[in-house]
Every structure is written in structure tokens, then in C-alpha cells.
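User: I'd like to learn how to read cores and strands in a model. Could you walk me through it?

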Amino acid sequence: MSAATVTPDARIPLRGHLRHTGALVRRNLLWIRQDPESLFDAVLMPIVFTLLFVYVFGGSIGQALGGGQDQYVQYVVPGLLAMMSLTMAQGVGTGFNQDFNSGVMDRFRSLPIGRGSVLIAKIVVELARMLVATAILLAVGVLVGFDITNWGGLVAAVALAAAFGSGLMWVFLTLGVTMKNVQSVQAMGFLVMMPLQFGSSVFAPPSSMPGWLRAFTDYNPVSALADASRGLMTGGPVAHDLWLTLAWSAALTAVMAPVAVHKFRTKS
Amino acid sequence: MTRIDDYPEAAKSAVTVRGLVKHYGRTKALDGVDLDVREGTVMGVLGPNGAGKTTLVRILSTLITPDAGQAVVAGHDVVRQPRQLRRVIGLTGQYASVDEKLPGWENLYMIGRLLDLPRKAARARADEMLERFSLTEAARRPAGTYSGGMRRRLDLAASMVGRPAVLFLDEPTTGLDPRTRNEVWDEVARMVGDGVTVLLTTQYMEEAEQLASELTVVDRGKVIAGGRIEDLKATVGGRTLRIRPADPLHLRPLAAALDELGVTGLATTTVDAESGSVLVPVLSDEQLTAVIGAVTARGITLAAVTTELPSLDEVFLSLTGHRASAPQDAVPADTREEVAV
């Protein structure tokens, strides 16, 4: 080991990043195997929400839509896909915050790996959980009468939800790194999530909402995602909402990913 | 900016620290620390809670960046070459830094992969490390189910997966029972035998004595003493004699006799009634001989005479004139709750 004049720091090649991310994905997947109950939310949430909304609100909102419960199923299942992407994204923040309570983060940060790998691995695993949740949502949806008219569109809708979800995950990862404890991450996540989720076209068409709220739902990206999914899965105009959602996903990732990585890098 | 070339000793030095400063708000966690660890040696950094030990280790292992000063580990600058540096260091923190949900083997395999070992090599290295740290039987159990000592051994194993040139051990035995502590000491001694350079922080003089060849004493972010352990012990007046008379009834007369002798080291003669012995601090071999002579002159039969190292408190008392306690007004800089700013 000879002392030398300072040469520039080594760069990590792409293959290295992939290898590191792979090792960390494996870690997070092993957690699930070790503790299968951690999948409960991904399994139960779509079942509970679908049944709840379809059978509690389905009749009356369906009527307002000019049909009945059947019409509401067509409306709400794509909406729930959007909701799922929001809820699963929120969960990644709390999980990441918990990681800091063990010394293992210090270990990671003292290893020659890109800081982003730790975060990307979290996102990859969370997206896998989201796919599980989506599969169950669609299965339950079909059981209660959801009619998929466009299979290609369905795949596109799921991909869109995943893209939007991963964009949001950077926001929640940032919260997870910055906030002191799991409770505050949860509280913060809840505060962000509730208005986005309900102040949108996810559960009911905004046409009957008061003007100020409609203004909010119109700009709410979750509405765009829900409307785009609806169009893709059951037919209807999609272009505007599709581009809007993609733009939001790209913008969230472009802005929040560097912030999250920076916060993670400099957390002392 | 000073270059490491300006320090001729850097060539033989595995860790070189110059003027290192780290502030947390108004608290100076490190206030201009200089330190040299020669290759293949063990440096003990001794100090009380809040002295800045953990801050030092966190800077040297690139977890935080210093506000000023320079640090070079195994030839790599901590600020400018963190990635190269991370490849040649191992870190075992105050809290076991392993994934408690993962089995021991998976922890080590993961670290092998993160250190760019090919799959096969990572598998072999995980097996080898478990074997070496006597954890093979627990390989498939989640680390969370391990005992304190096993977890610490897994932690050490994890630090060794990458065959580091420099190993940082931050209070490696804090919170362990004496038996487990001895186990960890043995492991550390073995690693040193393999030629690893070790920087270890501790609050215990005994631990420093056991493992380190050189010592740096820190207090409130500053180095207050340093050098070879023997020299330092001579400076602080070294030892306490523990004398146990065969007949417990002789305890008080013995203490009185020693008081009369007037040997005063760092503290006064005290009676430890529980163990039935008298504690006499001595500064020199002459004093030690005088004490034994006085005892013999009284015709008191002794059951045991042992010498003990000074405690951290005594070391501090003699070096700084105050006890080894964290400054009350300061936020402990070493806590991991430190938030990003």
C-alpha cells in the first residue's frame, strides 16, 4: 500500500451497479421469505378495497354514472390501480426509515457501492410487490364483474402505474431518509396521500365536486393516472392523461431521485 | 491544501490524520485531531463518551465528511477518493451492523457481492468466514436470533469479507459480558496476526492494553496524549496494587499501616471490604517494593497480591485533572440519531 499523490476517485462501471443492485434486491426479497406477513398489505388491500368500494358505493355512484353497480366496477377498478401505486409507494418510505435503525446502513455506506443502488433495490422490490397487488386487484375485479376490453391496454396501464409509482417512491424515500422515525414518516406520508387519493377521480367522477375541489382534482396526477388507466383498460380517450402521467413520472424521478440519493449520501 | 507527500512518515503509515475538525452546530466533535497509525499495528483510541471517537471513525470510514483537515487511509484521501478507500477498509460499529433479518450466510454473501466478488467466490468466502468465526452451525439462522457474542463475531466476519488493509472497530465490546468480550478480543488478535492494521476505539484501559500497541487519548474532540502504552502508563503512574491478607481481621491494620507509609499515587489507599483487600495506587517500582516491605515488616500473611491497570477515570484524572465524563452542555456527537442538515 503505497501513498501516492491524489488521483481521481474510481468510477463504478454499469455492470457493478447492476451487481450491487441485484445483491440488495436479493436481500429485500429474502426479507419477504423470512417474514411472509410483510406481503399481507399487497394481498389484502386490493381485495378489501375492491369489495368495499364496489358493494358500499357501487350502487349509488353507478346510478349517478347512468348505470348501476356494474358500471361502477368498470369505473373503480382502473382507479384502484392508481390508488395501489400511491399506497405501495408510500410504504417504501417507512420500510427505508426502519433500515436506519439497524447499523446495516452504515455497513452499506462504508462499502464501495453507488449510493443509488441501495435506493433502486428498494424500488425494484416495491414494484414487485405492486405487481402482486395488481394481479390480485385484477383477479378480484374480474370476479365482481370487471370486463377487460383491451388486454394490450391493460399491460400498458400496469406499466404506467409502475412508472408513476416509482417516481413517487423517490419522494417517499426522501421522506424516509430525512424524517427522524417511522411514526413521522407514516404521519407525513398519510398527509400527502389522503388528499391525493380522495381528491381525485379514483373513486368517483369529479363532475359533481365543488369547483375548488375540481380544480385540485384536475391538476392531481393521480386523476390523470386513473383516467389514463380507465381509457387503456376499458376504452375511451387516453392521449392527454397518458402524456400527463408520463410527464409527472419523469419529472418526479428527475427531481426527487437526485434529492433522495443526496440526502442518503449525506445522512450522518 | 497540504498534500500527504509533505509527511514523510505517511509511507509507512496506514492511517494519517492531520488537523481533523468536525462540528455539529456549536459542538466541536473533533477539534483538530492528528493521528498516525503505522501499518500492521493496532492503535487504540481511548476516551469517554462524547470525546469524538465515533466521529473520528465515521470520518475515516467515509460515512461523514470532515469540516476541515485531512485524513488518508491506506493511501486514499477520505474526501476525494472515498470509493477506492471503501474497497480497502472494514468497519464494525458500536451496534452490530449486520442485517438481522438475513441469515448469517446471506449477510456475508451479500457483502461479498457488494464487494464485486463473482458469485462462486462470494459463496466460498461466506463459507470460509463463517467457519473461521465459528458460526457455521448458525449459518442458516437469521442474525436476529444470534446471541450478542455471535452477532459481534458475524459483524467482524462481515468486516473481513473484503480482506481489508485497515479495520475500524468502534467500541467492539461495549455491551458484551466478560466471557464474550474475551472471545472478541481473541478474534481481533487473530486478525491482527494476519497483518491487518486496526484502529479501535474504547472506553476501557483494559481493552486498550489487551489489544493495542499504541494509544491515543482523546477528550472533547482533542488529542490529549498519545504514544506507546507502556510509556503512557508510566506517565499516568500505572498501577494499583490489590493486596488481600489471608486473615480478614488483618484488613484494617494493613490499611492503617499502608496509610502510615504515606505512598500516595493517584488516589489514596482504599479498603475494598467486599473482596477483603486493600487497594494501593503506586507510581513506581520503588513504591511497589516499599509497600511489600511494609507488609512483610508487620508480619501479615498475604493470600494474594495483584496489580491492576488504572481505569479510564484515573488516566484522565492524571492527564487532564478532570474526570472522564462527557461535557454536560454538549450534545453527544457520537449518537447515530444525528440528523442530516
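Predicted model: local features only at pLDDT ≥ 70, side-chain atom pairs only at ≥ 80, totals over all residues.

User: How many residues does the largest nonpolar core have, and which have the most contacts inside it?

Analyst: The general idea is that nonpolar side chains tend to be buried together in soluble globular proteins. Here the largest nonpolar core has 148 residues. Those with the most contacts inside it are Leu60(B), Val73(B), Leu108(B), Ala157(B) and Leu199(B). Beyond four places in sequence, the contacts of Leu199(B) include Val15(B), Val37(B), Met43(B), Val45(B) and Leu60(B), along with Val166(B) and Phe168(B). Another core, of 9 residues, lies apart from the largest one, and Leu254(B), Val278(B), Val291(B) and Val295(B) are among its members.

User: Now the strand: which residues of S9(B) lie on each side?

Analyst: In a regular strand the side chains alternate between the two faces of the sheet. In S9(B), Glu214(B), Thr216(B) and Val218(B) are on one side, with Leu215(B), Val217(B) and Asp219(B) on the other. Both faces are covered: S9(B), residues 214-219, has 6 of its 6 residues buried.

User: Which strands pair with S9(B), and in what sense?

Analyst: S3(B), residues 42-46, pairs with S9(B) in the parallel sense over 4 bridges, and Leu46(B) stands opposite Val217(B). S10(B), residues 222-228, pairs with S9(B) in the antiparallel sense over 6 bridges; there, Thr216(B) has Gly226(B) as its bridge partner.

User: What phi does Arg220(B) take in the hairpin of S9(B) and S10(B)?

Analyst: Arg220(B) takes a positive phi near 50°, in a hairpin with 2 residues between the strands.

Technical notes:
Residues numbered from 1 in each chain as written. Chains lettered and ligands numbered in written order. Core = buried A, V, L, I, M, F, W, Y, C linked by C-beta atoms within 7 Å. Buried ≥ 20, exposed ≤ 12 C-beta atoms within 10 Å, placed from the backbone. Contact = placed C-beta atoms within 7 Å. Pairing = 2+ DSSP bridges.
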